[in-house]
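Trainee: Could you take a close look at the aromatic pairs in this model and talk me through them?

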Amino acid sequence: MALLQVLPCVLLPAVERTMEGGSFNIFITVQKFYYPFLCVMGIPANLLTFYTICFRKCGMSDTAIIYLSCLAIVDTFYLVWVSLIDLTLTFWLLRPFWHANPWCGILGFLQYGSLYSSSWIVVVFTIERYLVLSSTAAKQHFSQTRVTKLTCVAIVLVSHLVSVPMGWINQATPFNYTVEGENVTMPRCRYRNETYTTVLVWIATFFSGGIPIILVIIFNYLIGYHLSRASKLFTKEERRTMSGRSTRGMLRRTMLLLGTVSVAFVVLSLPRFVTYIILRTRYNDKDFDRNNYSIPINLASDLANMLQNLNSTTNFLLYCMVSRRFRQELLQMLTCKAKARELGSLLAHTTMKVFSVADHKAPLARDPVTVVLKNLKHTQ
């Protein structure tokens, strides 16, 4: 349990759980099916989102296409490292290989790398939209797709670079189980109860949750304030004259998508950040039983982690709700209508070119025309 050991959910096999009451057992059962459901639905949805945004005409700007497609990819990796491996397969497998060295540390590095990448892509996309709206020079600079691609690559690389120390916050330790009446000792990826690991986790919590949430809220407020102020300075006719209809529509769609993604990010990430702060302050005791669901903070913390993982699967649904062009392209792609229409258009266009060339060449062969230039004058 690399990431979720310290964020702070711990989902272990049923033999390791100590529960009181049937309602807690129901909650464990819900989680056993919740995380596999997120993987089954979320991973294909993110990949489909990536293809639709990149290779279909969804009415988005070039920079928005790059940011949102990159977000779909890193969210997919987050679902693989956290929801699939750490929360689904660990729940159903008794001897997962990633609970042994060196995979215990590698998994923690990959989980935090994808978490940082997902959070900061939303932050940088929000800041970039604000700069484009408020500065003409920034608009010319950030409207270049090359700059956007380099920015996304830098975010992913830096996110994984700063995640390298997180590979040492967990260690594989032997753990005793009781399976079918027999005592079994197996390695388990457990959190190191050391000072430096606590410091690393605090830093990671703020850089993956606290600071991104604050920045997204601030810059979305500034974007809304800027748009509201701009709408009061000019009439509708002046705004229509200053910017073309297609440009305004693309800007409106991009801002709507950004606002929706930002709100979902804040709403689904904030509970995990708050519950973790409470656990690391009020309940920061090595003897505290994190698996005891009779303590309300344990239940609230696991619910918050369920929302955090949901954040990586909701973008597909958000695009479907707020973007009409995205829905149209997705429906056409799934029903293969667009492909049939494009093929028919290509055949018709090719046929017309053949007949056009034939009709055009025939008169030239029968009655060639000669043009003679006379009375040429030289002018200064």
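**Aromatic pairs**

Mentor: Let us begin with Phe55, which is exposed, with a relative accessible area of 57%, where exposed means over 50% relative accessible area, buried under 20% and partly exposed in between (1.4 Å probe, protein chains only). This is a predicted model, in which local features need pLDDT of at least 70 and side-chain atom pairs count only at pLDDT 80 or more, whereas totals for chains, interfaces and linings use all residues. Residues are numbered from 1 along each chain as its sequence is written, and side-chain values use heavy atoms, with hydrogens and water left out.

Tyr67 and Phe125 form a stacked aromatic pair, with 4.9 Å centre to centre and 25 degrees between the planes; rings of Phe, Tyr and Trp (its six-membered ring) pair if their centres lie within 6.5 Å, and planes under 30 degrees apart count as stacked, over 60 as edge-to-face and the rest as tilted. Because Tyr67 lies in helix H2 (residues 62-92) and Phe125 in helix H3 (residues 103-134), this pair ties together parts that are 58 residues apart in sequence, helices being DSSP runs of H or I with at least four residues, numbered from the N terminus. Tyr67 is buried at a relative accessible area of 2%, and Phe125 is buried as well, at 4% relative accessibility.

By the pairing rule, the count comes to 14 aromatic pairs. Tyr51 and Phe55 form a tilted one, 5.3 Å centre to centre with 35 degrees between the planes; being four residues apart in helix H1 (residues 22-55), Tyr51 and Phe55 are separated by about one helical turn. Tyr51 is partly exposed, with a relative accessible area of 37%.

Definitions and conventions. Helices (H or I, at least four residues) and strands (E, at least two) are DSSP runs, numbered from the N terminus.
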